[in-house]
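Please look through the sequence and the model before reading the notes.

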Amino acid sequence: MNPYIEILRPGNALMGAISIVLIAIIDKTISIPIILAMMAVFFETAAGNVINDYFDYKIDLINKPERPIPSGRISPKSGRNYAYLQFLLATICGFLITYLTDNWIPFAIVLMADVILYLYAYKLKSTPLIGNLTVGFMTGFGFVFGGFTLNNPQIITTSIFLGFFAMVMTTAREIIKDIEDIEGDKVEGAKTLPILIGERIPAILAVCLIIIDCILCPLLYYYQIFGIYYLFVIAIAVILFIYSAILILKSQDRETAHKASKYLKIGILIAFVSFIFGTI
């Protein structure tokens, strides 16, 4: 794969854009602002991925030496400038949304995301729990961005609920990823929760967050946000969430943390699919 495509982590960037797709499906709306919102989230997520690789390339020499920058396929300077380009493209999309909808909030959200993602990569990532919460917050905020792009009060409320769900589960996954990456983080001098207090307590915290989301899942049907088909699909995601929680609770070694993180990611994708089925 071309290193300039690989460093974007297009799968993650597309997953971020899915939040806008889901909001559009729920509202049964397709428009130029929605398409621009999808592009903005894609570029913003890609920018976060690239700038994170730029600041973390020393850690990745240990944890992920195959990545484009630590492997030498992209120089650190080129990676940094490439991240700036993605930030600029996202910002332009945000400005166009505001111009077309006469609503300043989408542009403000994109500008805020630019700052937060840069600060996360530069400093917040190595801050205990704050870094995990930042990633969770930004993931959930994609839904909120979609809600404000449509500027429909009911959809905004729904987007906040879905955003909270995504924020909680993503934060849990980020904590587990810190357990997985503890060796490289120690070498770089990062102060993640597993480094400061050991792996057991962060694992328990991640499990608690997973349980919270599992409890929230039926509420989306109870409050008639989604229909009956949602329950059938979300049940599969809940099984994966619980299985991931059991895995990380039983063992916090690197391999187990990797498996738990992978199953959580699959579960989140299935949960997103359940949102689509819930609109039928």
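**A buried glutamate, the core and aromatic pairs**

Glutamate 174 counts as buried, at 10% relative accessibility; buried means under 20% relative accessible area, exposed over 50% and partly exposed in between, with a 1.4 Å probe and protein chains only. The model is predicted, so local features need pLDDT of at least 70 and side-chain atom pairs pLDDT 80 or more, while totals for chains, interfaces and linings use all residues. Residues are numbered from 1 along each chain as its sequence is written, and side-chain values use heavy atoms, leaving out hydrogens and water.

**Glutamate 174**
- Glutamate 174 lies in helix α8 (residues 153-180); helices are DSSP runs of H or I with at least four residues, numbered from the N terminus.
- Not counting residues up to four places away in sequence, glutamate 174 touches Tyr120, Asn132 and Val135 (contact means heavy atoms within 4.5 Å).

**Nonpolar core**
- The largest nonpolar core has 77 residues; such a core is a set of buried Ala, Val, Leu, Ile, Met, Phe, Trp, Tyr and Cys residues joined through side-chain atoms within 4.5 Å.
- Among the members that touch the most others are Phe143, Leu162 and Phe275.
- Beyond its neighbours within four places in sequence, leucine 162 is in contact with residues including Ile23, Phe143 and Phe275.

**Aromatic residues**
- There are 17 aromatic pairs, meaning rings of Phe, Tyr and Trp (its six-membered ring) with centres within 6.5 Å; planes under 30 degrees apart count as stacked, over 60 as edge-to-face and the rest as tilted.
- Tyrosine 118 and tyrosine 122 form a stacked pair, 6.4 Å centre to centre with 25° between the planes.
- Both tyrosine 118 and tyrosine 122 lie in helix α6 (residues 105-122), four residues apart.

Terms used. Helix = DSSP H or I, 4+ residues; strand = E, 2+ residues; numbered from the N terminus.
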